[in-house]
Amino acid sequence: MGKRSTIKYALKETDFLLYLTCILTSAFGVLMVYSATRNEALKLGDLISRECLIMILAAGLGILACFFISFLDYDAIVGLWPFAGGICLLLLFSLFIWGDGPSDREDAICWLPIIKTDSFTVNFQPSELAKIGFLITFTAHINAVKNDLNSVKNILLLTLHAIIPIGLIIITDDLGSAIVFAFIFVGMMFVAGVKLRYFAVAIGMCVAFAPLLWVKFLAPFHKRRILAIYYPSALSEDVYKAVIYQQQRGVNAIGSGQLFGDGLFNGTYTQSPRGVPVNESDMVFTVVGEELGFVGCIALLVVLAFIIIKIVSVGKMSRNLTGSLLCFGTAFMIGAQVIINIGMCLMLLPSIGITLPFISAGGSSNLCIYFAIGIVMSVYRFNCNRDPVNFRLTHISTPFAET
């Protein structure tokens, strides 16, 4: 094929609808983060905040990486599972040496400092990249045992495969990411065809071990956050107010936006220095609710739902299990984060610290999510039906004479 045909197929086989939707959603996210951090940046004499700048750089790099990844055969990407898994495990283990965390959580070591000076710090969150690594390695594992998937041995080995990264992430005190891993694991097992009896057994075991989990594994602040939502009378009034403060302010901000919102850059809570804590990241949905109202919130949810549905549709069109697992795993990852984040902002779920895909500030999340989108676009590209190419060979000589 000539150069023109190659370009033609490259364009034809690119899922521009998914690609452009993700880019526009990220642009909207940058706008929301800019609004959330605008006043603070202006006070420091900056045009935009450091959080907003990092988000722009990370999303921009991710968008470029996504496009190039889409040209790599997804089967070849899965074939690199030892490399992907090894890098992610090394990064997770490095947290036990160099890990850092939020100032209000002394035990947390979920961030890896990349640049650390007296004036600013740039962190990387290995759990975000580990999600992509898990998609790749778990797909490879399921493919390796798919002919005997429902044997007890293979179910246990697959479960162990998931427990290793989940356990490491829990130890670093990143419970939100651990829950997302669990959603990906369960979703991919279901798509692969694991029999329902195993899910029933797993549910029974979770119920049986719930009291032990509560007593031995959950930190006191996790317990307080859960009680504040589902059993507030178990907490004293002062403790309850302190624990629920962020979420209560978030709900008030969303409610104040009513139907059409107060207008961009006009939100009382968003533009106040004593507004909603961390509203550029975990609570960014409150900025949408206050400044763009109920209509803005619904529009954002429709766009995020469209992205998830589009990824699922790519997975369904895949001709092999590998492509389906990669796409459905990505859909479960994004869907879980959307549900948990918005549920937290609406006080339906405990505050757990998890970003809203494409919208929240955070270099790691905005970069790594495009790695996953790039893999989905690869599945789309390598499952497209190409038109047959007509060609003719001439002037071919053979050693055989005509008879």
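Here is a short chat about aromatic rings and a cavity in a predicted model.

Visitor: Hi! What sort of model is this?

Guide: It is a predicted model, where local features need pLDDT of at least 70, side-chain atom pairs count only at pLDDT 80 or more, and totals for chains, interfaces and linings use all residues. Residues are numbered from 1 along each chain as its sequence is written, and side-chain values use heavy atoms, with hydrogens and water left out.

Visitor: How many aromatic pairs are there?

Guide: The count comes to 10 aromatic pairs. Rings of Phe, Tyr and Trp (its six-membered ring) pair if their centres lie within 6.5 Å; planes under 30 degrees apart are stacked, over 60 edge-to-face and the rest tilted.

Visitor: Why is the pair of tyrosine 34 and phenylalanine 265 edge-to-face?

Guide: Their ring centres are 5.6 Å apart and their planes stand at 80°, so the pair is edge-to-face.

Visitor: And where do those two sit in the chain?

Guide: Tyrosine 34 is in helix 2 (residues 16–43), while phenylalanine 265 is in the loop between helix 11 (237–257) and helix 12 (284–317), so the pair links distant parts of the chain, 231 residues apart. Helices here are DSSP runs (H or I, at least four residues), numbered from the N terminus.

Visitor: Phenylalanine 134 and phenylalanine 138: buried or exposed?

Guide: Both are buried, meaning under 20% relative accessible area, with exposed over 50% and partly exposed in between (1.4 Å probe, protein chains only). They lie in helix 6 (residues 126–145), 4 residues apart, about one turn of the helix.

Visitor: New topic: how many cavities of 30 Å³ or more does the structure hold?

Guide: It holds 1, and the largest cavity has a volume of about 90 Å³. A cavity is a set of points on a 1 Å grid over the protein atoms alone where a 1.4 Å probe fits but cannot get out; lining residues have an atom within 4 Å of a point. Points are joined across faces, edges and corners, and the volume is the space filled by probe spheres set on them.

Visitor: Which helix gives the most to its lining?

Guide: Helix 14, with 4 residues.

Terms used:
On a 1 Å grid over the protein atoms alone, a cavity is a set of points where a 1.4 Å probe fits but cannot get out, and a pocket is an open set with protein on both sides within 12 Å along at least five of seven lines; lining residues have an atom within 4 Å of a point.
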